[in-house]
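Hello,

Here is the structure I promised to pass on to you.

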Amino acid sequence: ELLANAKRPIIYAGGGVINSGPRASKLLAELVALTDFPLTNTLMGLGGFPASDKHFLGMLGMHGTFEANNAMHDCDVMLAVGSRFDDRITGRIADFSPRSKKAHVDIDPSSINKVIHVDVPIVGDVGHVLEDLLKVWKARGRKVNKEGLAKWWGLIDQWKAKNCLSYKP
């Protein structure tokens with residue numbers, strides 16, 4: 001329900017995607033393709049989703065991209081998949097994505113709500129959870145908030161236009 005109605009969703013993927021195995025990466029790519037949601041990831045999550053994909057906003061956090069950090073801050077629904085909320089990602093905890101609903105998938109129950117309070121805690125292996133999520137998503141008709149998502153991508157494209165990783169030699 002949260003994902004289907006989201007106006008400004010983001011998928012935040014971490015090392016758990018890689019640790020779960022190649023199938024988890026394929027399932028994550030399938031979810032992104034079906035939803036058209038933007039995705040960012042942690043340093044430990046690099047390689048779990050193709051950096052060449054149009055949905056990839058780059059890494060986030062203190063070493064991340066302008067668009068990834070802004071999207072995390074301004075999202076209304078965050079799906080954290082196999083990622084941890086460390087200080088390099090969150091910065092000031094009170095100011096981290098303050099208006100979003102958060103779902104957190106992690107195999108380690110002690111990592112859920114450890115740093116950031118989440119609205120939907122899901123304990124499980126990323127690959128299994130993504131498989132179940134895709135089954136439910138497909139059974140519900142693969143619906144997304146197309147109008148909200150189009151506006152969201154428009155804003156993200158404005159942030160991308162800054163080309164934050166460019167520099168003059």
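**The core and what surrounds it**

The largest nonpolar core has 46 residues, and those with the most contacts inside it are Ile 11, Tyr 12, Leu 28, Leu 39, Met 78, Leu 79 and Phe 85. Two or more residues of this core come from each of strand 1 (9–13), helix 3 (22–35), strand 3 (56–59), helix 4 (66–74), strand 4 (77–81), strand 5 (101–106), helix 6 (126–139) and helix 7 (146–160). Please keep in mind that this is a predicted model.

**The chain overall**

The protein chain has seven helices and six strands, and along the sequence they follow the pattern α-β-α-α-β-β-α-β-α-β-β-α-α. For 169 residues, a compact globule would have a radius of gyration near 15 Å, and the protein chain agrees with that, at 15 Å. Its C-alpha trace spans about 45 × 35 × 30 Å along the principal axes.

Of the 169 residues, 47% count as buried. Among contacts with a separation of 6 or more, 62% are between residues 24 or more positions apart. The protein chain exposes about 9,100 Å², with carbon and sulfur atoms supplying 55% of it. As for charge, there are 22 positive and 18 negative side chains, and the centres of the two sets lie 4 Å apart.

Pro 9 is found in strand 1, and it counts as buried because its relative accessibility is 0%, against a cut-off of under 20%. Leaving aside neighbours within four places in sequence, Pro 9 is in contact with Phe 37, Pro 38, Asp 76, Val 77, Leu 149 and Trp 152. Gly 154 lies 145 residues from Pro 9 in sequence, while their C-alpha atoms are 13 Å apart in space.

Tyr 12 is one of the residues with the most contacts inside the core. With neighbours within four places in sequence again left out, Tyr 12 is in contact with Thr 40, Thr 42, Leu 60, Met 72, Met 78, Leu 79, Ala 80, Val 81, Ser 83, Arg 84, Phe 85 and Ile 89.

**Helix 4**

Which residues of helix 4 are buried? They are Glu 67, Ala 68, Asn 70, Ala 71 and Met 72. The buried residues of this helix pack against strand 1, strand 2 (39–41), strand 3, strand 4 and helix 7.

Lys 102 sits in strand 5. Is this lysine buried or exposed? Lys 102 counts as buried, because its relative accessibility is 6%. Not counting residues up to four places away in sequence, Lys 102 touches Met 78, Phe 96, Ser 97, Ile 116, His 117, Val 118, Asp 119 and Val 120.

Thr 90 is in helix 5 (residues 87–90) and counts as buried, at 8% relative accessibility. Beyond its neighbours within four places in sequence, Thr 90 is in contact with Phe 85, Phe 96 and Ile 116.

Enjoy looking through it!

Best wishes

Technical notes:
Residues are numbered from 1 along each chain as its sequence is written. This is a predicted model: local features need pLDDT of at least 70, side-chain atom pairs count only at pLDDT 80 or more; totals for chains, interfaces and linings use all residues. Side-chain values use heavy atoms; hydrogens and water are left out. Helices (H or I, at least four residues) and strands (E, at least two) are DSSP runs, numbered from the N terminus. The radius of gyration is taken over C-alpha atoms; the globule rule is 2.2 Å times the number of residues to the power 0.38. Buried means under 20% relative accessible area, exposed over 50%, partly exposed in between (1.4 Å probe, protein chains only). Contact means heavy atoms within 4.5 Å. Accessible areas come from the Shrake-Rupley method with a 1.4 Å probe; for residues, only the protein chains shown count as cover. Lys and Arg count as positive and Asp and Glu as negative; His and the chain ends are not counted. The place of a charge is taken as NZ of Lys, CZ of Arg, CG of Asp or CD of Glu. A nonpolar core is a set of buried Ala, Val, Leu, Ile, Met, Phe, Trp, Tyr and Cys residues joined through side-chain atoms within 4.5 Å.
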